[in-house]
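Work through these exercises with the model open beside you. Try each task before you read its solution.

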Amino acid sequence: MSPDPELDDAGRRELDVRVGFGLLASEVELESLLSIVRRVDVARGQLLHTRGQPVASLFQVVAGRVELQAPDAPLWHVEDGGAVGLLDFALGRSHARTATAAAPSQLLELDAADYRDYLEDNYEVGHRILSQLSNRITAAMIASRDSTLFATSDLTHQERSFGDVEIPLVERLIILSRMPVFRGTSMQALAKLAQNAVERRYSVGDVITEAGTSPDVVSLLVEGTVELVLPNGRARREGRHLVAHLEELATGPRSITASAATDTIVLQLEREDLIDRIEEHFDLCMTLLAYVAGEQIRVNNASSDGRCRVA
């Protein structure tokens, strides 16, 4: 889409931010973001960052194409509306790929440190980013028809069974701290979540969460096996993970039904309680974002054409 000639630079930048960052709920959030966003035009072949370089900037591709390369890895490319640098930023690491403009491109550039401060000051934006990314990744996983993207089990040690006893608070805290989705979260944040979590037990065949509903809880698998009924297939989840994978972090109607395939124990967190903890503990927001970023990388690598929404 060609820029409107009647808009000045500030007007085009605001329009690009509104379209590119469709997560803003208030004018305050918009004004705060506009204060740290720059519009930049880059020529074909221009480097945005190199592999191994610390993350200094994040980019939103308004128009054009950016390619990301790494040795012995599939080529990724991000086109109109996609984000570049967000995954490395979320994972707290240096860039894993070299990013180059593959065509003349119009970008929005954010200083990474400023953006981190922005998210810390606007926790609701952080939650909306988590929800939107989780929705998109889930949709991409379903579209790929690769059920292994949902089937996860990474037990690395013998887990204690709670089949006959209520889970003590200290054990809840240990369980949450070992779950990949919370790995790296502070004990202060996890202690509050563990205290407020509700223990649920399901028998074989019981529905834990149903497609078409919008649960106000996040369900965490503690013990047992869960069967996921996808729009185009089935998958099983075991180990200690999110029951319906990233749909637990998303808002809106579910596309997946999760049922107990064995006798199953689940801890459930009220979504509002999770949001409150994100407000109080920014490290929780970044931990969840890092987990989602890891799943986005799996989806990107599984893409048949290398096209990515987020890189």
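The exercises below go from the whole chain to single residues, and the model they use is predicted.

**Exercise 1. Describe the protein chain as a whole: how many helices and strands are there, and what share of the residues is buried?**

Step 1. Count the elements. The protein chain has nine helices and 15 strands.
Step 2. Turn to burial. Of the 311 residues in the protein chain, 49% are buried.
Step 3. The accessible surface of the protein chain is about 14,200 Å². Carbon and sulfur atoms account for 48% of that surface.
Step 4. Check the contacts. Take those between residues at least 6 apart in sequence: 75% of them join residues at least 24 apart.

**Exercise 2. Find which residues touch the most other members of the largest nonpolar core.**

Step 1. Take the core itself. The largest nonpolar core holds 84 residues.
Step 2. Pick out the residues that touch the most other members. They are Phe89, Tyr115, Leu176, Phe182 and Leu220.
Step 3. Follow one member, Tyr115. Leave out residues up to four places away in sequence. Tyr115 then touches Leu33, Ile36, Leu58, Leu86, Phe89, Leu110 and Ile129.

**Exercise 3. Sort the aromatic pairs: which rings pair, and how are they arranged?**

Step 1. Search the whole structure. There are two aromatic pairs.
Step 2. Take Phe89 and Tyr115. Their centres are 5.8 Å apart, with 45 degrees between the planes, and the pair is tilted.
Step 3. Phe89 lies in helix 3 (residues 86–91) and Tyr115 in helix 4 (residues 112–121), so the pair ties together parts 26 residues apart in sequence.
Step 4. Take Tyr115 and Tyr118. Their ring centres are 6.1 Å apart and their planes meet at 15 degrees, so this pair is stacked. Both residues lie in helix 4, three residues apart, about one turn of the helix.
Step 5. Join the pairs. Phe89, Tyr115 and Tyr118 are linked by ring pairs into a cluster.
Step 6. Phe89 is buried at 10%. Tyr115 is buried at 6%. Tyr118 is buried too.

**Exercise 4. Explain why the buried residues of helix 2 line one face.**

Step 1. List the buried residues of helix 2 (residues 27–34). They are Glu29, Leu30, Leu33 and Leu34.
Step 2. Look down the axis of helix 2. The buried residues fall within an arc of 130 degrees, so they line one face of the helix.

**Exercise 5. State what covers the buried residues of helix 8.**

Step 1. Name the buried residues of helix 8 (residues 271–280). They are Arg271, Asp273, Leu274, Ile275, Arg277 and Ile278.
Step 2. Look at the cover. It includes helix 5 (123–144), helix 7 (187–196), strand 10 (217–223), strand 14 (264–270) and helix 9.

Technical notes:
Residues numbered from 1 in each chain as written. Predicted model: local features only at pLDDT ≥ 70, side-chain atom pairs only at ≥ 80, totals over all residues. Heavy atoms only, no water. Buried < 20%, exposed > 50% of the residue type's maximum accessible area, 1.4 Å probe, protein only. Helix = DSSP H or I, 4+ residues; strand = E, 2+ residues; numbered from the N terminus. Arc of directions from axis to C-beta. Core = buried A, V, L, I, M, F, W, Y, C linked by side-chain atoms within 4.5 Å. Contact = heavy atoms within 4.5 Å. Areas by Shrake-Rupley, 256 points an atom, 1.4 Å probe, with all protein chains shown as cover. Phe/Tyr/Trp six-rings, centres within 6.5 Å; stacked < 30°, edge-to-face > 60°.
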